[in-house]
Structure formats: structure tokens, C-alpha cells
Amino acid sequence: MASLAGMLKEQGHRVTGSDTAAYPPMSDQLRGMGIAILEPYAEKNLQSAPDLVVVGNAISRGNVELEWVLDQRIPFTSLAAVVHEEFLRGREPLVVAGTHGKTTTTSMLAWIYECAGKMDAKFAPSFLIGGVAENFGTSFHVRKDTKPFILEGDEYDTAFFDKGPKFLHYFPDAAILTHVEFDHADIYADLNAVKTAFKRFVNLIPRRGRLVAFDGNANVTECCAKAFCAVERYGFAADSIWRATEMRHRGAGMEWTLLHGGERFAELILPMAGEHNALNATAAAALAAGQGVPVDVIREALTSFKSVKRRLEVKAEVRGVTVIDDFAHHPTAIRETLRALREAYPGRRLWAVLEPRSNTLRRNVFETELVESLALADLVVMASVFKSEAIPEAERLEPERVVEQLKERHIPAVIGENADAIITEMAPRVKDGDVVAILSNGGFGGIYEKLPKAIASGG
């Protein structure tokens, strides 16, 4: 939503927006663009009636502004509809979809195209990313005279009046499918419902298009089985068109050999930790190469890729303690994040500080998997479930059960009611050499700024 606000502002529209409490990095980006953030939601924010209200998918009936919009019959629409109508017509949409890795892979693909555009203007991209790509310092850019438009395809629902996934509005010319797993337990009843959404996405790709799909996930295989377009698999399988081999860690980065059709395509270096990030880069390289981007450009772009804010982002290094911010909000993402940190910081004590905030993590559907993922850390601190009253008690995650199961594995684990309680618990206990991974898809009570300050002051 913040990115769309910026795109519309660049088109010359007057844009304002509302939120309960905006937080970085998007709040900083909005203010930097001169876009007013009105807090909290209130009827007065809309009493100078706008020409159009874009309703985000976090907004439901009962929101005071939405009720005002409906009562006053102010025209409204969704983010996905605006993107399609205002920005994608006449373009070449390249869409990255999947349960995990969308934001990072979209950022990698956009950076590859940006580097290619410096050599050949036809590759110069527009892009829309669900995070701030550090190579660009922004989450979006719109060019007027070039075709490629690279965007993140979100499977979450579109708006209160359109419960289909946003990516069904984007009609890709080519796409990446990274992973398919049960997620968004608030809107999908089960894994079959998730797979149905991705099958519909694949069904939008024209015959002349291409789908680059991960080879290590049976759900991905099922979702692309009936594609009308060419399907190119990537990953580690011997029979995949794009195969990553000889993968190895290089400090806080990765190196590997990429094969195409069994032949050596490129030696790739990525300055990001984690096998999952190397796979994301492989997918971006495969799509770009198939669209005509030269291999030398792909190699150089990945070597200079700077990550995405809130993805393994080092927030502070204080008194020998490294504080990491990561958006991981699903047990699989948490597992891959902690594995990557183990490789990037070998021999160092690893803390996992988790806020169960996403609609999936707030539920007990993945309790067993969550314990398995958190067990990769040396110490675990869990916050209380965010807005737990909104989750039916029978479905609600119980942090106490998670902590008890971790203790049974001899992993020290505690619960802190909120960010301030967690800081009080942790600050005196962290020591030189520790790595602290803060895992949340929200603001987490300002812990990213507060914890380093508490460590610096000695707890």
C-alpha cells in the first residue's frame, strides 16, 4: 500500500493514507515522499472527500473509515485493481509468486534488470516489491517508456469485497513460483485451497510465456502440472533445466555453479547467507536469462545485490552483540533464517526472539513445526500472541506449550508479555559474541531500536 501510494504520487496525484500506527521502513519511505500518514483511523480523515479510496486487505467491516466510505458512497477500489488498471496495461508483467521468498526474489530480479538496462534500455524495469530493496532504497519505481514490470505476486486476499488473491489481477507474461505451502490460515481453509489459488495463477500465463518453478516442492509440481506455457524447473534435481551445484558458504554469502540443461551456465556469488537465498537468486537468474538478459549481467548483478530491509538485516552491533531483524513469520521461513544465521555466524550463540503476529503464527496449526524451527537457536524468547483475542481459543497458539516443548529439548526458553518485558529479560543476559534474531512481520513494540539501546547501556 505504501508503494502504491508512492507510485500514484509520482503520477501527479494527491495522496494521503491512514493507519493505526505506521512503522519503519515504509513509514520512513512515505514521509520521505511527502505523503501524509493520518493516525489513527477516523472519519475526519475522509471528510475532505477524495476522488478514490484504495482499501487495503487489512481493512474489514467495522473500520471507522471504511464505514464512512460506504455511508457516503465515496468510490473505492483495491490495490491490485489499481496496479492492473494504472500500471500494467501495455507492459510485460514478470510476477514472482510463492509462499516463501517472494520479496527477496522480486528484488533480485529487479536488480538484474536494472543492471541490464544500463547496457540496453529495453531491459530498464519498473517494479513493485513488498519491501525496501536496498540496491534501490525504495520498494517501487515506474518508468514510462519501457515494457518490463517486475512485481511481487501476493496470494493473500485482495480486499474485503474481493476475497481472491491479489496475484490474479496481474496476468503475467512470465513468472516464478518459489514454494507452495499452507499459510494464511485466516483465509485459506487448508492446503488444497492454497494450491487451488496457485493453480489459477499458473493458468493465467499465456502459451508464449514461461514459468520458472522450484523442483524441491511436491506442491509446486502439482500446481504447474497443467500449465499451458513452458515450465522450467530450478533447484538441485539432476533433471531440472536450471540446476544449482557445488553450493557452499562463503563467509556471510554463498557461491555455487549454475547449470542450464546440464551445461555450465555461470559461477554465481551472492553476498547473502543461506541456501534459500541462493535458490531465490537461481530463480531470478533463470527467468532473466530466459527473457534475454546476458549471463555476464546476471552474474555481476547478483554479486552486487544488497538484500532487502527486514530480511536478515543487521540492525545494530553493540558491545559485541549483533542484532538481526528478519520478517520470518512462518515456521519454514523461521527455519531457513536460523539456518542461514548459523552458517553466517559459526560458533556464536544464537537467540531467537519471536513475536507470533502473522495470522498463521497466531494459530496452533503449525505448533509442532514452530518448535522444530525454533530449536535451531540456542535460546528462545517468545512474546505473547499479538491480538490473541481475535483468534478463537481452540485455534490459538499457546506460547507456553511451545516454550515447554523447547525446554524438553534442553533449549532455554521464556515468554515475555511484550517488547519491554523481553528487553528487561534479555539485556542483562546477552554477552559479547551473541547473535540476536528478532522475528516478526510487524513493529514488535519498537524492539529493534529499544534492545540495542538497552544493551549499550549495560542492561
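Phe171 lies in the loop between strands β10 (162-165) and β11. Helices (H or I, at least four residues) and strands (E, at least two) are DSSP runs, numbered from the N terminus. The model is predicted, so local features need pLDDT of at least 70 and side-chain atom pairs count only at pLDDT 80 or more, while totals for chains, interfaces and linings use all residues. Residues are numbered from 1 along each chain as its sequence is written, and side-chain values use heavy atoms, with hydrogens and water left out.

**Backbone angles**

Phi of Phe171 is near 45 degrees, a positive value in a residue other than glycine. With a relative accessibility of 41%, Phe171 counts as partly exposed. Here buried means under 20% relative accessible area, exposed means over 50%, and partly exposed is in between (1.4 Å probe, protein chains only). His184, in the loop between β11 and α6, also has a positive phi, of about 55 degrees, and is not a glycine. His184 counts as buried because its relative accessibility is 13%. The peptide bond from Glu39 to Pro40 is cis, with omega near -10 degrees. Pro40 is placed in the loop between β2 (36-38) and β3 (53-55). As background, most residues other than glycine have a negative phi, and most peptide bonds are trans.

**A buried glutamate**

Glu181 sits in the loop between β11 (174-177) and α6 (191-202). The side chain of Glu181 does make polar contacts, with the side chain of His100 at 2.8 Å and with the side chain of His179 at 3.4 Å. A polar contact is a pair of N or O atoms within 3.5 Å; within protein, one must be able to donate a hydrogen and the other to accept it, and residues adjacent in sequence count only if both atoms are side-chain atoms.

**Salt bridges**

The structure holds 26 salt bridges. The table gives some of them.

| Arg349 | Asp434 | 2.7 Å |

Arg409, in the loop between α12 and β21 (413-416), and Glu372, in helix α11 (residues 367-374), are 37 residues apart, and the pair links distant parts of the chain. Arg409 is partly exposed, at 39% relative accessibility, and Glu372 is partly exposed as well, at 41%. Glu355 is buried, with a relative accessible area of 8%.

**Other positions**

Glu404 is found in helix α12 (residues 399-408). At 43% relative accessibility, Glu404 counts as partly exposed. Pro271 lies in the loop between β16 (263-270) and α8 (275-290). The C-alpha atoms of Pro271 and Phe76 are separated by 43 Å, and the two residues are 195 residues apart along the chain. Pro271 is partly exposed, with a relative accessible area of 42%.

Conventions. Salt bridge = Lys/Arg side-chain N within 4 Å of Asp/Glu carboxyl O.
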